[in-house]
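Good morning, colleagues, and thank you for the time on the agenda.

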Amino acid sequence: MKTFVMKQIGQVGFMDKPKPEPGPNDAIVRTTAALICTSDSHTVKGAIGERKDLTLGHEAVGVVDRVGAEVKLFKPGDRVLVGAITPVWGDLASQAGHPSQSEQPLGGWRFANLKDGVFAEYFHVNEADANMALIPASVPDESAVYCADMLSTGFMGAENAAIPIGGTVAVFAEGPVGLMATAGARLLGAGLVIGVDAVPARKELARFYGADEVVDPDDAVARIMALTGGRGVDSAIEALGAEITLANSVRVTKAGGTISNIGYHGHGEYVSIPRVEWGVGMAEKTIRTGLCPGGRLRMERLLVMLERKRIDPTRMTTHRFAFAEMDKAFEIMDKKLDGVIKPLIAF
Ligand SMILES: [Zn+2]
């Protein structure tokens with residue numbers, strides 16, 4: 001079967017591989033739609049170390065092709081969403097309530113990290129009953145595929161931010177995950193949502209998804225302080241993965257507030273925190289982090305949001321490609337060309 005792989009750090013391309021086989025609890029899914037993620041670019045640049053001929057991609061939907069003997073809830077022909085994060089669920093981190101950290105830190109992140117990913121004609125899903133969800137008939141693939149990572153991670157950014165109803169929230173960077181964090185903040189009852197981004201198309205989308213104000217990164221701290229009457233925000237969401245945006249998140253959060261990090265800090269040895277604005281360590285500013293939540297329950301809940309038309313993620317699809325054009329699509333996403341937000345890949 002055809003796959004799109006990271007050949008080594010800095011090099012991608014197509015490769016033929018054998019079709020995967022299911023173990024007793026596993027499923028093999030025939031891919032129908034996938035999305036390229038900025039974290040795929042981070043991986044190719046070496047953020048998680050060297051990988052050899054690893055199939056990329058972790059955001060996909062498809063049709064069940066085969067299931068193992070122990071799989072109870074799914075059968076061939078089912079149209080399914082698969083979480084980007086596929087924990088094993090029986091391990092201690094999962095039992096402690098941290099399935100994304102299954103077996104090791106970030107261990108729930110198996111696709112295109114610990115095993116082959118979803119940029120392939122078929123892909124393998126471990127613990128199929130726990131890691132897949134049936135897609136409701138009224139929800140198209142091109143919408144459902146956003147639940148694998150973008151909705152799950154973005155909404156988690158808002159959930160982890162401890163937003164009071166009527167509270168104030170700043171979202172640093174309005175890429176796809178920041179946009180879904182913006183939408184999540186509104187859904188959770190924020191009273192004022194301030195987006196931070198410089199790109200006009202992203203500013204417009206931030207407003208579409210619920211930002212009341214969108215400010216430029218250059219004077220974001222001053223603008224956010226002014227918009228909150230000098231108090232700062234209850235909650236800041238870092239959705240870029242850069243030192244400056246994390247620092248500014250700490251700066252604009254009021255004492256007692258929460259900084260929710262969903263950005264992927266892909267380079268550098270350390271991430272630093274501004275000492276004085278952190279209240280020299282004593283201002284009761286909580287910094288929470290998280291990796292995309294996976295699992296059938298989470299996926300089913302996200303699909304309800306689409307079924308009930310609470311949100312339309314397809315506004316983020318700026319480009320569409322066939323799988324055969326994957327190399328071109330990857331370059332556009334990698335270099336952020338042509339105003340790209342999310343490229344959708346049809347199989
Ligand atoms: Zn992703």
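I shall begin with the chain as a whole, then turn to the metal site, a pocket and several loop residues.

First, the basis of the description. This is a predicted model, in which local features need pLDDT of at least 70 and side-chain atom pairs count only at pLDDT 80 or more, while totals for chains, interfaces and linings use all residues. Residues are numbered from 1 along each chain as its sequence is written, and side-chain values use heavy atoms, with hydrogens and water left out.

The secondary structure of the chain comprises eleven helices and 16 strands. Here helices (H or I, at least four residues) and strands (E, at least two) are DSSP runs, numbered from the N terminus. The radius of gyration is 20 Å, close to the 20 Å given by the globule rule for 347 residues, so the chain is as compact as a globular protein of that length. That radius is taken over C-alpha atoms, and the rule is 2.2 Å times the number of residues to the power 0.38. Along its principal axes, the C-alpha trace spans about 60 × 40 × 35 Å. Of the 347 residues, 56% count as buried. Buried means under 20% relative accessible area, exposed means over 50%, and partly exposed lies in between, using a 1.4 Å probe and protein chains only.

Let us move to the metal site. Which protein atoms are donors of the zinc ion? They are C37 (SG), H58 (NE2), E59 (OE) and D149 (OD), lying 1.9 to 2.2 Å from the ion. Donors are N, O and S atoms within 2.8 Å of the metal (3.2 Å for Na, K and Ca); water is not among the atoms, so sites may look incomplete. The angles among the four donor atoms are 96 to 132°, and the site is tetrahedral, a term that requires all angles of four donors to lie between 85 and 135 degrees. In sequence, the donor residues follow the spacing C-x20-H-E-x89-D. H58 lies in the loop between β4 (54–55) and β5 (59–67), and D149 in the loop between α4 (141–144) and α5 (150–159), so the pair ties together parts that are 91 residues apart in sequence. Both are buried: H58 has a relative accessible area of 5%, and D149 has one of 7%.

Next, a pocket. The second largest pocket has a volume of about 260 Å³. Its lining consists of 13 residues, of which G97, H98, S100, M156 and L291 lie nearest the centre. A pocket is an open set of points on a 1 Å grid over the protein atoms alone, where a 1.4 Å probe fits, with protein on both sides within 12 Å along at least five of seven lines; lining residues have an atom within 4 Å of a point. Grid points are joined across faces, edges and corners, and the volume is the space filled by probe spheres set on them.

Finally, the loop residues. F323, in the loop between β15 (317–322) and α11 (326–334), is buried at 6% relative accessible area. The C-alpha atoms of F323 and A33 are separated by 9.0 Å, although these residues are 290 residues apart along the chain. V280 has a positive phi of about 40° although it is not a glycine, and at 47% relative accessibility V280 counts as partly exposed.

Notes
Four donors count as tetrahedral if all angles lie between 85 and 135 degrees; four count as square planar and six as octahedral if opposite donors are over 155 degrees apart and all others between 65 and 115; anything else is irregular.
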